[in-house]
Amino acid sequence: MPHLLHIDASARAEGSVSRDVATTFRQGWTGTVTYRDLGAAPLPHMGIDAILSRSLPAAGFTPEQRAAAALQDTLLDELIAADAYLFAVPMYNYGVPSTFKSWIDHILIVGRTIGASGESPVAGRPATLVLSKGGAYGPGTPKEGWDFVEPYLVKVFAETLGLDLHVIAAELTLADTTPAMHDLRGLAADSLAAAHESARARARTLALV
């Protein structure tokens, strides 16, 4: 039975668009799931103990370095054990939430997931990236070029880890709560509906693999 690693990054437990679209995907997933909620249980940011634990002999670890290495091993085990991935990530201030950046920092390790001889141990596995963006950032929009979420995560997941990445994005998610975006509410609703349908279709596709 296929095994999914699902990570939610939104700080919102309720009313999160990225969580809601990911839930739509999960409703169509038929395998097992490892779930990590970074909003409810954030990981520590990368510190000196985690950095040193990657290069020092384990026999000489301090207790703090041993704990940092154990956390990284746990996260890597979750990553490598999965057959497929679901990442639900909102845009915060034009970038990824710091909690999700922490997770990335812990699993990108030279010699284990990147920079080793040969390809990444997870290369070729399917990954679904659900993004929620408060505005619109495509060509011709006032904020064109301000999206530092999607390009960064494509670089990490598709180009660095070699995942077979499928991106689903709901845009204009702030339209319902921002008076200045009132005229964009119809477009926001269309974008959200399309994101949910894409999530359903993606789950159906992976169920057939």
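In the predicted model, the second largest pocket is lined by Gly 135, Ala 136, Tyr 137, Thr 141, Pro 142, Lys 143, Leu 172, Met 181, Leu 184 and Leu 187. The space in this pocket amounts to about 150 Å³. By class, its lining comprises 7 nonpolar, 2 polar and 1 charged residues. Lys 143, one of the lining residues, also takes part in a contact with an aromatic ring: its charged end sits over the ring of Trp 146, at 3.7 Å from the ring centre.

The largest pocket holds about 570 Å³ of space. Its lining consists of 28 residues, and those nearest the pocket centre are Val 17, Lys 133, Gly 134, Thr 173 and Leu 174. Helix H1 (17-27) and helix H6 (185-207) each contribute at least two residues to this lining. The most is given by H6, with 4 residues. Sorted by class, the lining of the largest pocket has 13 nonpolar, 10 polar and 5 charged residues.

Aromatic contacts were examined next. The structure contains 10 aromatic pairs. In one of them, the ring centres of Phe 87 and Phe 100 are 6.1 Å apart and the planes meet at 65 degrees, so the pair is classed as edge-to-face, the cut-off for this class being over 60 degrees. Phe 87 belongs to strand E3 (residues 84-90) and Phe 100 to helix H4 (residues 98-107), so the pair ties together parts that are 13 residues apart in sequence. Both Phe 87 and Phe 100 are buried.

A further pair is formed by Trp 103 and Phe 157, with 6.4 Å from centre to centre and 50 degrees between the planes, and this pair is tilted. Trp 103 is located in helix H4 and Phe 157 in helix H5 (residues 150-160); the pair thus links distant parts of the chain, 54 residues apart. Trp 103 counts as buried because its relative accessibility is 1%, and Phe 157 counts as buried because its value is 0%; the cut-off for this class is under 20%.

The residues of these two pairs are also members of one aromatic cluster, which is formed by Tyr 85, Phe 87, Phe 100, Trp 103 and Phe 157.

Conventions:
Residues numbered from 1 in each chain as written. Predicted model: local features only at pLDDT ≥ 70, side-chain atom pairs only at ≥ 80, totals over all residues. Heavy atoms only, no water. Phe/Tyr/Trp six-rings, centres within 6.5 Å; stacked < 30°, edge-to-face > 60°. Buried < 20%, exposed > 50% of the residue type's maximum accessible area, 1.4 Å probe, protein only. Lys NZ or Arg CZ within 6 Å of the ring centre and 35° of its normal. 1 Å grid on protein atoms, 1.4 Å probe; cavity = no way out; pocket = protein on both sides within 12 Å on 5 of 7 lines; lining within 4 Å. Points joined across faces, edges and corners; volume = space filled by probe spheres on them. Nonpolar A, V, L, I, M, F, W, Y, C, P; charged D, E, K, R; others polar.
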